[in-house]
Amino acid sequence: MTFTLTLSGADLLLLLPEMLLTVWLCVVLTMDFAMPRLPKDRLAYLSVAGLAGVLANLVWFDLAGIGGTLFAHMFVVDRLAVFFKIFIVGTTILVILASVDYVRRFRFFKGEYYFLVLMSALGMMFMASANDLLSVFITLEFSTFGFYVLVAYLRDDVASNEAGLKFFILGVFAAGLLAYGISLVYGETGKLVFSDIASPSATPGLVIGFLLIFAALGFKIGAVPFHSWIPDTYHGAPTPVTAFLSIAPKGAAFAILIRMFFVSLAAFKPAWVLLLVGASILSMTYGNIVAIAQRNIKRLLAYSGIAQIGNILIGLAAGTKMGGDAILFYLLTYLFANLGAFAIVIAVGNLIRSDEIEDYNGLNRRSPFLAFAMLVFLLSLAGVPPLAGFIGKLYIFLAAIDEGLYTLIAVGLINIVISMYYYLVVVKKMYINEPTDPSPLTISPPMKVVVYAGLAGTLFLGIYPQPAINWVVAATLMFSNLAGPAAAAPTLVLPIGG
Amino acid sequence: MVPLSAYVAVSAVLFTTGVIGVLIRRNFIIVLMAVEIMLNAANLNLVAFSHYLDSMAGQIVALFVIAIAGGEAAVGLAIIIVVFRGKISTNVDEMNLLKW
């Protein structure tokens, strides 16, 4: 048996963003050890410059509609993949800018930090393009390896080490489940590519295999009941890593989940809708209720993140093209609001060296800008109009209404009320309580860029969502065959703004 | 000739052993070994299916799983060493700093 691999220039073009990033992260690593006197901040800006080039390349792919598959359909470039790559690269740029101040606190390996962040981003870009089970396994591990190290990056901090270990143990356990699930699916179908494993009959091996794969991806997105690593890991990890971990891998994992459920498992929709409805209800309710009891802002955002994932799963449970659109749009709103909130936590943490919610008392007196930005981000996460989170939730609920998932919507609405409570507790502490130390807080320019980007995204997506909606609708065009019975209108025209 | 069901049965036993090991053992090194057993259960399955289905893909996947298992062990042992320096312990139950 012989294998032939033919690659033309046009094929390599599809890999251009990944190749650019690979070259660039080698440059960053080389600069780090070849020029020991170079201030490490420069490496951050160098990384951002490289990522901006990759972003420009991806935008060109998106506008020119470049697409295709490589390596026997293992690697696919379509508008969905390009959307998620832009999402991941955008997140990485903002995370690196938000890390600059924090990295100064490290005693060792300041330059390698940026290298590892770029490495994880590269892994996640491949995840967005994964089109068969082997590439799912490799890319998922590729991106997670970087995160294992990043979470445990504060070597002298026992909490960070412990967080890294917990993340590692549950991460490799999930990898074991994934590998075994893949082996069962392969045994039943003899194939690996998503479109080939769409089997007409549900044999026991296939059912168990897909359940194991779903469990492994559930670990990745942190849906209940696979959430147990989330609070501890988010709490102990360096805060910029927490911000990165709470957004980019979720997007990449949803790229895989959308492909798996919408392509491979489209025939079994009635069966998996129940599974996703259950995971969604559990995630929303558990995340929101436990968040109320939190004293640490990172843990609060961790539990709120679990609840947000529950919201996104509503779109997956709808299982239509509109559900897919809603997932993509919601991820965008989540990116700006959650990253913005974490940027404030990083900025405040750098200045007062504390992540306790008590220490946010009177933040408005100390820095009106930070307090106002935090207010906007928390209200967007809660889903208050006219912010981005409101449109995101509306879109997801409309997709679910089309499919008649009324129980899920009822639970989702109750959860919005619960989440409002703990977000507003933080707001109350910032605006009404008196500060224990009234000295003013100032933030650095790169941090300001991140906060302004978060504010701009949150307000823009909330007030004028139409361009973003058009973009996500175009990104999921390949799922047009999944339109539900009531989804006659292909685009959502919103009463406000649009 | 050994029937396919025998391979799948052994693999299932290995996988269950691994899962139980992760869930009940309290030492990180043993937990890591249990995870490796889970991955090897998958490998056994993949190679057996590959032989019986007469398709090469399964063996290729198994090779990648072996490589990734090696990477996992390297990263995992590094993290365990860092934790051991701070805590002088490899017991799961003593990792109780982070909780609500």
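Buried area is taken here as the accessible area, for a 1.4 Å probe, that two parts lose on being put together, summed over both. In the predicted model examined here, chain B and chain A bury about 3700 Å² between them, and 82% of this area lies on carbon and sulfur atoms. The contact draws on 43 residues from chain B and 42 residues from chain A.

Zero salt bridges are found by the rule between chain B and chain A, whereas four residue pairs, both members at pLDDT 80 or more, are in polar contact across the interface. On the side of chain B that touches chain A, at least two residues each are supplied by α1 (4-24), α2 (28-53) and α3 (57-87) of chain B; of the contributions to this side, that of α3(B) is the greatest, with 17 residues. When the residues on this side of chain B are sorted by class, 31 are nonpolar, eight are polar and four are charged.

Within chain A, one position was examined individually. A:T91 is located in helix α4, which spans residues 79-103 of chain A. Because its relative accessibility is 0%, and the term buried applies to values under 20%, A:T91 counts as buried. When neighbours within four places in sequence are left aside, the residues in contact with A:T91 are A:F244, A:I247, A:A248, A:L335 and A:L339.

Note on methods: Residues are numbered from 1 along each chain as its sequence is written. Chains are lettered from A and ligands numbered from 1 in the order in which they are written. This is a predicted model: local features need pLDDT of at least 70, side-chain atom pairs count only at pLDDT 80 or more; totals for chains, interfaces and linings use all residues. Side-chain values use heavy atoms; hydrogens and water are left out. Contact means heavy atoms within 4.5 Å. A salt bridge is a side-chain nitrogen of Lys or Arg within 4 Å of a carboxyl oxygen of Asp or Glu. A polar contact is a pair of N or O atoms within 3.5 Å; within protein, one must be able to donate a hydrogen and the other to accept it, and residues adjacent in sequence count only if both atoms are side-chain atoms. Helices (H or I, at least four residues) and strands (E, at least two) are DSSP runs, numbered from the N terminus. Ala, Val, Leu, Ile, Met, Phe, Trp, Tyr, Cys and Pro count as nonpolar, Asp, Glu, Lys and Arg as charged, and the others, Gly among them, as polar. Buried means under 20% relative accessible area, exposed over 50%, partly exposed in between (1.4 Å probe, protein chains only).
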